[in-house]
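Trainee: Could you take me through one part of this model in detail, looking at how a pair of helices lie against each other and what they touch?

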Amino acid sequence: MCPQESFFQPSQFLLLVGVPVASGLLLLKCLHWHCSRWLPGACWKSDGQVEAMSQPTPLSEDEIPRECPPPTLPEVAAFYQELHTPTQGRTVTRQLMHKLLVFSAREVDHRGGCLILQDTGISLLIPPGAVAVGRQERVSLILVWDLTDAPALSPSQGLVSPVVACGPHGASFLKPCTLTFKHCAQQPSHVCTYSSNTTLLDAKAWRPLGRPGAHSSRDECRVPLSHFSLYTCVLEAPVGQAPRKWLQLAVFCSSLAPGQTHLQLRVYFLNNTPCALQWAMANEKPHGGRLRGPCQLFDFTGARGDQCLKLKYISEGWENVDDSSCQLVPHLHIWHGKCPFRSFCFRRKVANDIEDCSALTNEIIVTMHTFQDGLETKYMEILRFQASEEEYWATPPSVSQPPPCNRLPPELFEQLQMLLEPYSITGNDWRRLASHLGLCGMKIRFLSCQRSPAAAILELFEEQNGSLQELHDLMTAMERLDCASAIQNYLGRVPCGGRVQENRGLELDEKL
């Protein structure tokens, strides 16, 4: 019996002691893995690693903490009440329920109406007859600046438009409404519209809405709505074709103050849509960042690597304080429309360190190159930046907020574009309209290089807040009676109290 006891005792010890210890270690490992995802200041990467997250200034949208307690019923009620309260034609930007939203709301009756989010390229048209006579409906148009509401995308899919919500959710009308917003895909036939039949605060359930290209034109999506929900556009190229989209590269920096020793410059890689640039400007505003010069376009492909930003030149008297002169932006951060940015910090050298004592340090000039990894020799954009202390002393003129621009009805816009686009031997086409709007020969030649000069000049007329009656008078003065007749026919179709209303002098929003 003794040999048997000495043989089984170690095995029993392992069973009684080793298994509980191993289970405890495994439990601790699981708890560490679960909790590390929610540690403050940690960033969870797709490969399962946890790394410390630096806190740049300003804070990038994809780094904003999102963990919030669930809202109470009164909070939800107040949230939707504020979104649907008429804004008197204003576009409001506000943080509601931890979401940054841009919205406008109004009441609409049987005459219809139009909601426009200023400087974003987003509008909602409710046609005449969509609301029954004698009724009034409150409608709202909302731009969602919260990337957690965007669809979950595969590496082959790219986000090419904003997420837009029409409210109240589920509202339906007697006639289809039209939602219009911009996209940045290079091939409109590759753009697929997605909708999520959920409210803003619910978990999203994105599904394709029709076939690819059904709602997209050159740079715009126009979606007919049978009821209100959430909408966006995703780039889905056919197998064997390289998907591409246009980026806009925006450089931001604060003013250079006298005696300032450090200066930070930030480059944003944005979808080429108006609302993406507006988000960057809103992100920079609390930190005093200003857009430095016009944005530059970049041809970004979904089949290539990360984006490189390389510092090539700094003017004498300044030095780069960062560890590297080259920074990378992950490909999917740009492809999935996360609005990433990269920054360089520069330090003013002291007088003893400057080789050329005559060099001016009251200004800084920087040159950067940006390209996709592996394509530096084939395609590259050059970014130049300049700032001086003189800008700090210059007092900017007081700029009043421009009034919201009127927008031509989509069907009338297309009809006028078709009539004005063909070149006329006498010049009585879009060029004559450009002259009436005050454009000189150089600007007209610039417009002639656009894909649709007629569309560009009609958009300029919209920005000048002209009424349809004014456009009708312009066409009559140009002796373009075909265009004047098209406008008159549209004006005559707008009902008011069961009869055709008098249209002279009315603004566009009233006619809609």
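Mentor: Helices H6 and H11 are roughly antiparallel to each other, a label given to angles over 145 degrees, because their axes cross at roughly 170°. Helix H6 covers residues 410-420 and helix H11 residues 481-492, and their axes come within 10 Å; helices here are DSSP runs (H or I, at least four residues) numbered from the N terminus, while axes are lines fitted to C-alpha atoms over the stretch in contact, with angles running from 0 to 180 degrees between N-to-C directions. The contact, meaning heavy atoms within 4.5 Å, is made on the H6 side by Glu411, Leu412, Gln415, Leu416, Leu419 and Leu420, and on the H11 side by Asp482, Cys483, Ala486, Ile487 and Tyr490. Sorted by class, this contact has 8 nonpolar, 1 polar and 2 charged residues, where Ala, Val, Leu, Ile, Met, Phe, Trp, Tyr, Cys and Pro count as nonpolar, Asp, Glu, Lys and Arg as charged, and the others, Gly among them, as polar.

This is a predicted model, in which local features need pLDDT of at least 70 and side-chain atom pairs count only at pLDDT 80 or more, whereas totals for chains, interfaces and linings use all residues. Residues are numbered from 1 along each chain as its sequence is written, and side-chain values use heavy atoms, leaving out hydrogens and water.

Helix H6 also meets helix H9 (residues 453-463), with Phe413, Leu416, Gln417 and Leu420 in H6 facing Ala454, Ala455, Leu458, Glu459 and Glu462 in H9. By class, the contact of H6 with H9 has 6 nonpolar, 1 polar and 2 charged residues.

Notes: Helix = DSSP H or I, 4+ residues; strand = E, 2+ residues; numbered from the N terminus. Parallel < 35°, antiparallel > 145°, perpendicular 65-115°, else oblique.
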